[in-house]
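Please look over the sequence and the 3D structure first.

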Amino acid sequence: MEYNELIEKLAAALGIEGLVPEDGVAALNIDGMRIAFLHDEGADALLLFATVGTPPPEAEERFSAILLQANHLFRGTGGATLAQNQETRDYTLVRSLPLALLDADSLVAELESFANTLARWTGLLADFRPAENAAKGTDAQDAPFDFGNSAVMQV
């Protein structure tokens, strides 16, 4: 399906007016989180993109390590990728979806999954305060992060 047509059908499926791509970009807010849709013409794909945020300076190294571990086999990202914007230092979540495989219903499902993953990471970042946790006597950031087995099939 063509990108602009897909965004139009997504808007109709969600009952949203005014979701129109400008220069290949459209965006909406879900539970206070801004999620952008970008048209990757070279790959003929739709990119879902959102900012997770920036950790406090004293926690950046540990938070970066957790994000890298989450990217391994997409265990903690639901098929998306976590990265850091070089210019802003913000961490972002990005998912590439081939347009040829999408329709409005499948995009709604992908968007829901992406929003849930984003909420998990923004929530983790909001609670990632090593200095405050140390003052309370808790040190949860030193424990390994549990990504669950959502991307691993047991046989």
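Which residues in α2 meet which residues in α3? In α2 they are Phe63, Ile66, Leu67 and Ala70. Their counterparts in α3 are Trp121, Leu124 and Leu125. Keep in mind that this is a predicted model.

## The helix pair

The axes of α2 and α3 come within 12 Å. They cross at roughly 160°. An angle over 145 degrees counts as roughly antiparallel, so α2 is roughly antiparallel to α3. The crossing of α2 past α3 is right-handed.

## The sheet

Five strands build an open sheet. Their order is β1-β2-β3-β5-β4, and the pairing is antiparallel. β1 and β4 (81-84) are the edge strands, each pairing on one side only. On average, neighbouring strands are turned by 30° against each other, direction ignored.

β1 and β2 pair in the antiparallel sense over six bridges. Within this pairing, Ala26 has Phe37 in β2 as its bridge partner. β1 and β2 also form a hairpin, with two residues between them. In that turn, Asp31 has a positive phi of about 50°.

How does α2 run relative to β4? α2 lies across β4 and β5, and its direction is at about 150° to β4.

α3 packs on the sheet as well. α3 touches β1, β2, β3, β4 and β5. The direction of α3 makes about 20° with that of β3.

## The nonpolar core

How many residues does the largest nonpolar core have? The count is 36. Those with the most contacts inside this core are Ile35, Phe37, Leu46, Leu48, Val52, Phe63 and Trp121. Some of these names have come up already. Phe37 is the bridge partner of Ala26, while Phe63 and Trp121 belong to the meeting of α2 with α3.

Which elements give two or more residues to this core? The helices are α1 (3-14), α2 (60-71) and α3 (104-126). The strands are β1 (25-30), β2 (33-40), β3 (45-53) and β5 (91-98). α3 gives the most, with eight residues.

Terms used: Residues numbered from 1 in each chain as written. Predicted model: local features only at pLDDT ≥ 70, side-chain atom pairs only at ≥ 80, totals over all residues. Heavy atoms only, no water. Core = buried A, V, L, I, M, F, W, Y, C linked by side-chain atoms within 4.5 Å. Buried < 20%, exposed > 50% of the residue type's maximum accessible area, 1.4 Å probe, protein only. Helix = DSSP H or I, 4+ residues; strand = E, 2+ residues; numbered from the N terminus. Pairing = 2+ DSSP bridges. Axes fitted to C-alpha atoms, helices over the stretch in contact; angles between N-to-C directions. Parallel < 35°, antiparallel > 145°, perpendicular 65-115°, else oblique. Left-handed = near helix turned anticlockwise from the far one by under 90°. Contact = heavy atoms within 4.5 Å.
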